[in-house]
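Visitor: Please take me through this entry one item at a time. I would like the numbers and the cut-offs behind them.

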Amino acid sequence: GTTTPGTTIDPDSGTTADPDSSSADGVTECASSESCVDLPPPGWDGPVAYFEGDDLAMLPSCAAPFGGLDLEAFAGLVAEPADCDDCACGSAAAIECAPPSIRLYHNSGCSGTPGSEFQLGPTNQCTVFPNGVGAYGAESDPVVPIPGTGSCAPTGGEASVTAPTWDTQLRACAPATPTVACGDGKACAPTPGQPFAAGLCIHRPGDVACPAGDYDQRLLRYLGVDDGRSCSACECGSPEGGTCSAELLFSYTNTCTDDYLHLTNPGSGGCTTLWGDEPSSGMLLVNSVNGAACAASGGAAQGEAQPSEPVTFCCTG
């Protein structure tokens, strides 16, 4: 904005007061310890002085002639990836076993061509046999797990993250006293000396370009962190391997309701003698599935921490 030469500007209140002195032409001259700089454009704050270091706790406090803390901001975010617990899979459960094919023979050695051959139904489902079996021997294919059935519960993959840090930490200090107008759109402000960095700055939220004028040295700093670090979810593949501990039940009835004969570990080889009886139905019984396991995956570090809430500082040289 435009100011009237020979007035003082309170950056906090915007009020004016008479200066202590002015030059012969009516324009106040800045003291030797001050600089005549552009007033901040609308939307910008300042002017301020600043110092930077790698540890905010070690930076000097704001002191005269810059007695007011204005802003603390940061640059150079350091955030290690998440540390992920190993993934593991629990015991396999709900694996289904494939019903076997049954062959019945007219001899007790299960030799030659079978008298009949048929497929048993799923576990615990009664299958009615063809009539006129007249079987003396029976054999079965192995009972094996059905690929893709069953599951394992995943565990692990918990994320641990260390607190992010900053390479550069900035503290900005505002003048302790009102600035004095020294020309149209300009004001006197204390010239920063040690331990401040050289030059005065104005600033505003956002990642923006510097305005035209004295403040042409741009610094981008940040106030916060968006921390998106995590671990991918643990997953378990389908159970693999394993054996079915199974029995075949043969029954005189068509409903598998009597306990005529049990064939344990079907498919293990050999022929089961039926003594010429004629079973009418059969059923697959599965006692357990042992030795199956699932492969674990996931639990990988993902995402990253990003600086947030940018603040643009524009400074004099």
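Visitor: Is Asn-124 buried or exposed, and what is its relative accessible area?

Guide: This is a predicted model, in which local features need pLDDT of at least 70 and side-chain atom pairs count only at pLDDT 80 or more, while totals for chains, interfaces and linings use all residues. Residues are numbered from 1 along each chain as its sequence is written, and side-chain values use heavy atoms, with hydrogens and water left out. Buried means under 20% relative accessible area, exposed over 50%, and partly exposed in between (1.4 Å probe, protein chains only). Asn-124 counts as exposed, because its relative accessible area is 53%.

Visitor: What is the phi of Asn-124?

Guide: Most residues other than glycine have a negative phi. Asn-124 lies in the loop between strand 9 (116-119) and strand 10 (127-128), where strands (E, at least two residues) and helices (H or I, at least four) are DSSP runs numbered from the N terminus. Asn-124 is not a glycine, yet its phi is positive, at about 65°.

Visitor: Which strand holds Glu-309, a residue with a positive phi?

Guide: Glu-309 is a residue other than glycine, and its phi is near 55°. Its place is not a loop but a strand, covering residues 305-315. That element is strand 27.

Visitor: What residue is joined to Pro-195 by a cis peptide bond?

Guide: Most peptide bonds are trans. Pro-195 sits in the loop between strand 16 (186-190) and strand 17 (201-205). The bond has an omega of about 5°, and the residue joined to Pro-195 is Gln-194.

Visitor: What is omega for the cis peptide bond of Ala-64 and Pro-65?

Guide: Pro-65 is placed in the loop between strand 4 (45-53) and strand 5 (68-78). The bond joining Ala-64 to Pro-65 is cis, with an omega of about 5°.

Visitor: Which residues make up the uncovered face of strand 9?

Guide: In a regular strand the side chains alternate between the two faces of the sheet. In strand 9 the covered face consists of Ser-116 and Phe-118. The uncovered face consists of Glu-117 and Gln-119.

Visitor: Which residue of strand 9 is the bridge partner of Ile-102?

Guide: Two strands pair if DSSP finds at least two bridges between them. Strand 8 (residues 101-105) pairs with strand 9 in the antiparallel sense over four bridges. The partner of Ile-102 in strand 9 is Phe-118.

Visitor: How many disulfides does the model have?

Guide: A disulfide is a covalent bond between the sulfur atoms of two cysteines. The rule used here takes a pair of cysteine sulfur atoms within 2.5 Å. By this rule the count is 12.

Visitor: Why is the disulfide of Cys-30 and Cys-188 called left-handed?

Guide: The sulfur atoms of Cys-30 and Cys-188 are 1.9 Å apart. The pair links Cys-30, in the loop between strand 2 (16-17) and strand 3 (34-38), to Cys-188 in strand 16, 158 residues apart. Cys-30 is partly exposed at 23% relative accessibility, whereas Cys-188 is buried at 1%. The disulfide is left-handed because the torsion about its S-S bond is about -90°.

Visitor: What is the relative accessible area of Cys-173?

Guide: Cys-173 is joined by a disulfide to Cys-62, S to S 1.9 Å. Cys-62 is in the loop between strand 4 and strand 5, and Cys-173 is in strand 14 (residues 165-174), 111 residues apart. Cys-62 is buried at 18%, and Cys-173 is buried with a relative accessible area of 0%.

Visitor: What is the C-alpha to C-alpha distance of Glu-278 and Phe-250?

Guide: Glu-278 lies in the loop between strand 23 (272-273) and strand 24 (281-290). Glu-278 is partly exposed, at 40% relative accessibility. Glu-278 and Phe-250 are 28 residues apart in sequence, and their C-alpha atoms are separated in space by 9.6 Å.

Visitor: Over which residues does pLDDT stay under 50?

Guide: pLDDT is the predictor's confidence in each residue, from 0 to 100. The chain has a mean pLDDT of 87, and 90% of its residues reach 70 or more. The stretch with pLDDT under 50 has 48 contacts (heavy atoms within 4.5 Å) beyond four places in sequence, and it covers residues 1-24.
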